[in-house]
Amino acid sequence: IEGAVEGACLIANATPEQRHSLMDFAKNLGEAFQVADDLEDHRLGKKESVSAANFGGENACKLRLEELNRSAQKNLSQFGEKSSELLAIYNWNLTRA
């Protein structure tokens with residue numbers, strides 16, 4: 001995710017501030033996707049040796065997703081309506097949890 005966003009920033013001539021915000025968003029989206037995936041697997045009974053759900057439990061995963069959601073909104077706030085599709089991707093991921 002981060003590589004794709006970094007490439008898009010270069011193509012779009014993003015300012016350093018925009019690039020920083022978007023790279024943070026991409027990093028957090030990747031983590032949120034993994035946490036939601038671990039949580040989904042845990043609920044389905046899939047036992048993995050390394051999983052956020054195994055280490056912290058469901059409540060810790062949900063709290064982390066909420067924290068990442070707040071961060072995503074903050075990272076994209078400077079873009080206004082232009083960021084609605086990125087937030088939609090993030091929000092879809094939250095529905096899995």
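Which residues lie nearest the centre of the largest pocket?

1. Basis. This is a predicted model, in which local features need pLDDT of at least 70 and side-chain atom pairs count only at pLDDT 80 or more, while totals for chains, interfaces and linings use all residues. Residues are numbered from 1 along each chain as its sequence is written, and side-chain values use heavy atoms, without hydrogens and water.

2. Largest pocket. Ala8, Cys9, Leu22, Phe79 and Leu86 lie nearest the centre, among 14 lining residues. A pocket here is an open set of points on a 1 Å grid over the protein atoms alone, where a 1.4 Å probe fits, with protein on both sides within 12 Å along at least five of seven lines; lining residues have an atom within 4 Å of a point. The volume of the largest pocket is about 240 Å³, taken as the space filled by probe spheres set on the points.

3. Lining. Helix 1 gives the most, with four residues; helices are DSSP runs (H or I, at least four residues), numbered from the N terminus. By class, the lining has eleven nonpolar, two polar and one charged residues (Ala, Val, Leu, Ile, Met, Phe, Trp, Tyr, Cys and Pro count as nonpolar, Asp, Glu, Lys and Arg as charged, the others, Gly among them, as polar).

4. Helix pair. The axes (lines fitted to C-alpha atoms over the stretch in contact, with angles from 0 to 180 degrees between N-to-C directions) of helix 1 (residues 2-11) and helix 2 (residues 16-43) come within 9 Å and cross at roughly 160°. Helix 1 is therefore roughly antiparallel to helix 2 (an angle over 145 degrees).

5. Contact. Glu2, Val5, Glu6 and Cys9 of helix 1 meet Arg19, Leu22, Met23, Ala26 and Lys27 of helix 2, with contact meaning heavy atoms within 4.5 Å. These residues comprise five nonpolar, no polar and four charged.

Notes:
Helix = DSSP H or I, 4+ residues; strand = E, 2+ residues; numbered from the N terminus. Parallel < 35°, antiparallel > 145°, perpendicular 65-115°, else oblique.
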